[in-house]
Amino acid sequence: MGSWALAYDHTHGDWSTLLAQHVRLAADGKASRVDYAGMAADRAALNRYLASLSAVSAQEYAGWPKPQRLAFLINAYNAFTIDLVLSRYPDVKSIKDLGSTFRSPWKRKFILLLGQERSLDDIEHGLIRAPGAFDEPRIHVAVVCASIGCPMLPKEAFTADQLDSQFENAMRRFLSDATRNRFDAAAKRLSVSRIFDWYGKDFEQGHQGFDSLRTTFRRYAEQLASTPEARALLVAGDYRIEFLDYDWRLNDVARNGKP
């Protein structure tokens, strides 16, 4: 095991620097876009960070506390996703363009992590969502698939000592963004991101107090509804749920403008 891996920076400072420089927040702070051209110009710094991730051995990782392991995996997922986009940028309109007829982009094994060649799916589903590993449904607002429909990529890395507050902040921002989650009190209709359809079961296991989608939306009623009357409907569960279409366009500042 090299000294580099032994001295791993759990503040993920290099990644935070890149995010601070190349992520643009919406005026209301509820969404973000990535300056992929800027990331491409900073490719050497990104490559150094990716190399530092790849240098960590499975043995060293296993010795870390759980919050450090989870922060590491989330940051790895987000950083390698940007690396994947840059492999074809600017000739990419959606991360889906980076797959093929027979293989989705999330199944491409291009990531050296913990001593193995892995895909983005391996990180998210095989490591982060593995039963009993972390049991944290809020990771779905933290791993970002480079699309406008995704929760926002923050301007700082996830870190072990801030993980819970970062998850809560991400949940509140995402659920208060009416372009992706909104409540029509008159119609008693809650329209939410397709993420809650795809991964609804993660919010039904009782982990971190989430035992159903309605419990989830009750917890964030203040973000989803603008009046006391509307919030009361959410708290009472008096509404129907529909899932919105997902916007797979690349979350690129240059192509979509500032959010």
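The following exercises, with worked solutions, concern a predicted model.

**Exercise 1.** Describe how helix H2 and helix H4 pack against each other.

*Solution.* Step 1: Two packed helices are described by the angle between their axes and by the distance between those axes. Step 2: For H2 (residues 13-22) and H4 (residues 43-54), the axes come within 9 Å and cross at roughly 150°. Step 3: This crossing of H2 and H4 is left-handed. Step 4: On the side of H2, the contact is formed by Asp14, Trp15 and Leu18, while H4 contributes Ala45, Leu46 and Tyr49. Step 5: Sorted by type, the residues of this contact comprise five nonpolar, no polar and one charged.

**Exercise 2.** Determine the order of the strands in the open sheet and identify its edge strands.

*Solution.* Step 1: Three strands make up the open sheet, in the order E5-E6-E7, and their pairing is mixed. Step 2: Strand E5 (182-184) and strand E7 (240-243) each pair on one side only, so they are the edge strands. Step 3: E6 (residues 189-192) pairs with E7 in the parallel sense over four bridges. Step 4: Leu190 stands opposite Ile241 in E7. Step 5: Ignoring direction, neighbouring strands of the sheet are turned by 20° against each other on average.

**Exercise 3.** Identify the residues with the most contacts inside the largest nonpolar core, and examine the surroundings of Phe72.

*Solution.* Step 1: The largest nonpolar core has 79 residues. Step 2: Trp15, Leu53 and Phe72 have the most contacts inside this core. Step 3: Helix H6 (residues 66-86) supplies the largest share of the core, 13 residues. Step 4: With neighbours within four places in sequence left aside, the residues in contact with Phe72 include Tyr8, His12, Leu53 and Trp64.

How values were computed:
Residues numbered from 1 in each chain as written. Predicted model: local features only at pLDDT ≥ 70, side-chain atom pairs only at ≥ 80, totals over all residues. Heavy atoms only, no water. Axes fitted to C-alpha atoms, helices over the stretch in contact; angles between N-to-C directions. Helix = DSSP H or I, 4+ residues; strand = E, 2+ residues; numbered from the N terminus. Left-handed = near helix turned anticlockwise from the far one by under 90°. Contact = heavy atoms within 4.5 Å. Nonpolar A, V, L, I, M, F, W, Y, C, P; charged D, E, K, R; others polar. Pairing = 2+ DSSP bridges. Core = buried A, V, L, I, M, F, W, Y, C linked by side-chain atoms within 4.5 Å. Buried < 20%, exposed > 50% of the residue type's maximum accessible area, 1.4 Å probe, protein only.
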